[in-house]
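Dear colleague,

Please find below the structure for your review. My notes on the findings follow it.

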Amino acid sequence: MDHLPDFPENPFIPKPFVIEENKRESPSVFSLYLRPIDQVPFYFLPGQFNMLSAIGGGEAAISIASDPANPHILIHTIRIVGNVTKALSKLDKNDFVLVRGPYGRGWPIDLVKRKTLILVAGGIGLPPLLPLLYMAQKNKEYFKNLILLYGARTKDDLLFMPLLHQLRAEQIITLHVSVDRPSRDWKGHVGTVTTLIPSISFDNKETFVFSCGPEIMMRFMARAFIQKNLPREHIFFSMERNMKCAIGICGHCQLSPFFICKDGPVFPYEKIEHLLTVEEL
């Protein structure tokens, strides 16, 4: 799965999709379930993203959160942070959305076949990792072990918990969850997601880490795993910066010599480690 199937559509031309469901996931997060109106399957690799727009409302880069094995339903989980995402959040079933993509480099899934994979997600960083969970659900033998460390600010900010509990019950994942600001009824771990790492045991040579979330979280996460002797080259980040064109022309997502849209969004940690502490690039 290191390459896409034959894909006759032009990813640079917006394509209309119809909304099957607009599902509220949290007070500030919603998911759009989209179906291509021409019924042409939409193939993508886990970790890639699309450019989405309400017709006439501008575009936003959104990671793909759906099952790669079901190319007839496309899911994007979106946080309301600006005019474009606000416009998308107001759309209803049977409304239309324009989709341009897929774009970017995804997770190096061939590298982790039959290995232990630790997923580390902070808040809205979980959706780009969901395709990997669906993969594991379809093929339990793909990963030797699949561990998810998931953290959010509050209990209400945790996303897709019924799905995660189901995957844990099916023994597909080992799940560790933490919140920064616990409510009175919270019985789980308290602290940032990085505080879960010391309790995790793994074989350094056979383990890889895929992470998505705030850059500062991922930076401290990488340090914590390196302190446990995990090789730098076994850590991968999905970066999220302001992407406008998705093809490396506009420069909005430039990270020193790299463009997040074209060279990422998934990067080996060792490739960008020296850039993560620079305030402006």
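**Helix packing**

Helix H2 (residues 130-138) and helix H3 (residues 161-169) have axes that come within 11 Å and cross at roughly 35°. Here axes are lines fitted to C-alpha atoms, for helices over the stretch in contact, and angles run from 0 to 180 degrees between N-to-C directions. Helices (H or I, at least four residues) and strands (E, at least two) are DSSP runs, numbered from the N terminus. The crossing of H2 and H3 is left-handed, meaning that the near helix is turned anticlockwise from the far one by less than a right angle.

The model is predicted: local features need pLDDT of at least 70, side-chain atom pairs count only at pLDDT 80 or more, and totals for chains, interfaces and linings use all residues. Residues are numbered from 1 along each chain as its sequence is written, and side-chain values use heavy atoms, with hydrogens and water left out.

Leu130, Leu133, Tyr134 and Gln137 of H2 make the contact (heavy atoms within 4.5 Å) with Leu163, Leu164, Gln166 and Leu167 of H3. Of H2's 9 residues, 7 are buried, where buried means under 20% relative accessible area with a 1.4 Å probe, protein chains only. Among them are Pro131, Met135 and Ala136. The buried residues of H2 pack against strand E7 (116-122), strand E8 (145-152), H3 and E11.

**Aromatic rings**

The whole structure contains 8 aromatic pairs. Rings of Phe, Tyr and Trp (its six-membered ring) pair if their centres lie within 6.5 Å; planes under 30 degrees apart count as stacked, over 60 as edge-to-face and the rest as tilted. Phe210 and Phe236 form an edge-to-face pair, 5.7 Å centre to centre with 85° between the planes. This pair links distant parts of the chain, 26 residues apart: Phe210 lies in strand E11 (residues 207-212) and Phe236 in strand E12 (residues 235-238). Both Phe210 and Phe236 are buried. The ring centres of Phe258 and Phe267 are 5.6 Å apart and their planes are at 55°, so this pair is tilted. Phe258 and Phe267 are likewise buried. Ring pairs also join Trp107 with Phe210 and Phe236 in a cluster.

Cys261 is located in helix H5 (residues 260-263) and counts as buried because its relative accessibility is 1%. Between Cys261 and Cys245 the C-alpha to C-alpha distance is 8.1 Å, and they are 16 residues apart in sequence. Leaving aside neighbours within four places in sequence, the residues in contact with Cys261 include Phe49, Gly104, Met243 and Cys253.

Yours sincerely

How values were computed
Buried < 20%, exposed > 50% of the residue type's maximum accessible area, 1.4 Å probe, protein only.
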